[in-house]
Structure formats: structure tokens, C-alpha cells
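Reader: I have a structure to go through and would like to ask about its parts in turn. Please show it.

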Amino acid sequence: MNRTFAFLAGAASVAAACLIGGQEMKAQNNMMMMQNNAMSVTHKVAIAAHRGYWNCEEAGYARNSVAALRCAQEAGFAWSEFDVNMTADGVLLVVHDGELEGKRIDASPYSEFQEITLENGEKIPLLGDYLMQAKECPSTGLILELKEHSTPEIEDKAVKATVAELREHGMADPKKVMFISFSINICRQFARLMPGFTVQYLGDGYSPARLKSMGITGIDADFTSLADTPGTIDEARRLGMSVNCWTVNKTEDIRKMAGMKINCITTDFPMEARKILGSREIKAAAK
């Protein structure tokens, strides 16, 4: 009888200890989750309007238009992304595709493209035209993507021409412009010619450490690759590199990227991203 009682008492003590231990572990896990959620809520994220805030009536739904840049500025987005290609005679165009109407831009003179119009009736903007609008509201920064060109030699000329244009318009300021490209050569040239500027590589195949060794100061990656390899973000952070992502258009993906503490989310739907981020959004400074 006494042995049975002692056994039952011991078993009860063990069960109670397990219960208390389990409750303590659950409380610790809940605390960790609350801390992680709090960190995600307090982390601030910038929005980059992809090819400008084109997805609205005021811009005429014209990507890479001057009107799309103006709409991004008026909306107060921190950044407006756009694309640049150079013609065979050295004219810098704000346009995404490297080929228009069956002609390669870098193998054809500007005269072949100067009459092409966008959806809103604008002609394809010259980089100089775009920069003139940028100066109207410099608090909205420019994310300048220089597209891949046919040869490294042409790319080198395009980088130098772009830098000269920025300096001519008083926009050669790391607070106003960052550079991105799928061309590792272009990234390296910008890093060499524009020290102190943010230069981010858009592609894959290079670790953050390798990019850092080439003078490239950040990554701007396809958001799906970052979601699959979160260690890339951790490595970049340890190296003091910035981390942006493209092109994030779905609600759940925007929330996920914000939770991964991305610096800037590039999206075709910046106003929807603003609603999702709420107070976590880094906005352009008021005029």
C-alpha cells in the first residue's frame, strides 16, 4: 500500500514537472514569436515603383514614361525604377527592351526610334528628359537599371555616358540615384566610376561575398530566389550590403518580403504595397 502510494506520488510529481516544463517551453516559444513579429512590424521598407508609377490613369499606363516618374514623385514613393539603353550613336533612351521594331537599339541610330510613342502619347524619353523631371522632386530617388548591351565595350561606353549625363544634370548624388544591372561588367564599371554609390547586381551566380570583393555594394534579387535562400540575405547583411528585391506584385509575397527585412521592394503596384506596409513604409521626404 505504501509502495503504491509512493509510486503514484512520484509519477504525479514527474507529470507535474513535465507539464510545467512544457508550459514554460510554450511560453518561451510564444515570446520568441512575439519578438520576431515585433521586429517584422518595426522594420521599415521602401517601395520602388517599377518603371515608374505607370499603373494609373494619370500616367496613361505607360511604363518608363516621364509621366510615370512624375506620378511616383507626387505619390511620395521613396524610389522610382527605370531602364536605360544606348543607341549606336550614343543616345541614352529610357526604355526596357534592347530591341524595338525588330532593330537592336545598340546597333541602330537614334533616328530609327525617335518617332516611337508610348501608350500615353509620349515619345520614348531621352535620359536627359527623365533627369529633368527627376530634379523637380529629388526626394524620390532613381533606381537606374542600365540594360545589358551587345559587348563589354559598348557597355563601358554606356556607363560613361550615363555618368556624364547624371553629372550634367546635377544628379550624381548617392542619395538621389542607385545603379542596378544584370550585367556584372556594368555593375563593376559603376562601382569603379561612382564610389560611394549603391550598386546592386540583379542576377544570380555570385555570392554576396564575391560581389562585395568586386566593389558591388548590394543585391537586387528576384524575390522568389530570396525566399528560397534566406541565407543570402543574412550573408549580405553581415557584409554591410543592401538587399532589394523585384518584382513583387502579390499581397502575400509583399508581406513575406517585408518580413524578411528587405530594404526596398520593387513592384508594379506601389499603391497596393503602400496599403499592405502601412506605417512600415519608408516614404520620400516631404517637399
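**Contacts, helix, rings and pockets**

Author: Lys283 touches Gly76, Ala78 and Arg274, leaving out residues up to four places away in sequence; contact means heavy atoms within 4.5 Å. The model is predicted: local features need pLDDT of at least 70, side-chain atom pairs count only at pLDDT 80 or more, and totals for chains, interfaces and linings use all residues. Residues are numbered from 1 along each chain as its sequence is written, and side-chain values use heavy atoms, with hydrogens and water left out.

Reader: What distance separates the C-alpha atoms of Lys283 and Ala75?

Author: Lys283 is in the segment after strand 12 (281-282). Strands (E, at least two residues) and helices (H or I, at least four) are DSSP runs numbered from the N terminus. Lys283 and Ala75 are 208 residues apart along the chain, and their C-alpha atoms are separated by 9.2 Å.

Reader: Which residues of helix 9 are buried?

Author: Buried means under 20% relative accessible area, exposed over 50%, and partly exposed in between, with a 1.4 Å probe and protein chains only. Helix 9 covers residues 251-259, and its buried residues are Asp253, Ile254, Met257 and Ala258.

Reader: Why do the buried residues line one face of helix 9?

Author: An α-helix has 3.6 residues a turn, so residues three or four places apart point the same way. The arc is taken from the directions from the helix axis to the C-beta atoms. The buried residues of helix 9 line one face because, seen down the axis, they fall within an arc of 135°.

Reader: Which exposed residues does the face of helix 9 turned away from its buried side carry?

Author: The buried residues of helix 9 pack against several elements, among them strand 1 (45-49) and helix 10 (270-277). The face turned away from that buried side carries the exposed residues Glu252 and Arg255.

Reader: How are the rings of Tyr53 and Phe77 arranged?

Author: Rings of Phe, Tyr and Trp (its six-membered ring) pair if their centres lie within 6.5 Å; planes under 30 degrees apart are stacked, over 60 edge-to-face, and the rest tilted. The whole structure has 6 aromatic pairs. For Tyr53 and Phe77 the centres are 5.7 Å apart and the planes at 90°, so the pair is edge-to-face.

Reader: How many residues apart in sequence are the parts that the pair of Tyr53 and Phe77 ties together?

Author: Tyr53 is buried at 13% relative accessibility, and Phe77 is buried at 0%. Tyr53 lies in the loop between strand 1 and helix 2 (66-75), and Phe77 in the loop between helix 2 and strand 2 (79-86), so the parts tied together are apart in sequence by 24 residues.

Reader: Which residues lie closest to the centre of the largest pocket?

Author: On a 1 Å grid over the protein atoms alone, a pocket is an open set of points with protein on both sides within 12 Å along at least five of seven lines, and lining residues have an atom within 4 Å of a point. The largest pocket has a volume of about 250 Å³, where volume is the space filled by probe spheres set on the points. Of its 13 lining residues, the closest to the centre are Arg63, Val95, His96, Leu118 and Glu119.

Reader: Which element gives the largest share of the lining of the second largest pocket?

Author: The second largest pocket holds about 210 Å³ and is lined by 16 residues. Strand 9 (218-222) and helix 7 are the elements that give two or more residues to this lining. The largest share, 3 residues, comes from strand 9.

Methods
On a 1 Å grid over the protein atoms alone, a cavity is a set of points where a 1.4 Å probe fits but cannot get out, and a pocket is an open set with protein on both sides within 12 Å along at least five of seven lines; lining residues have an atom within 4 Å of a point.
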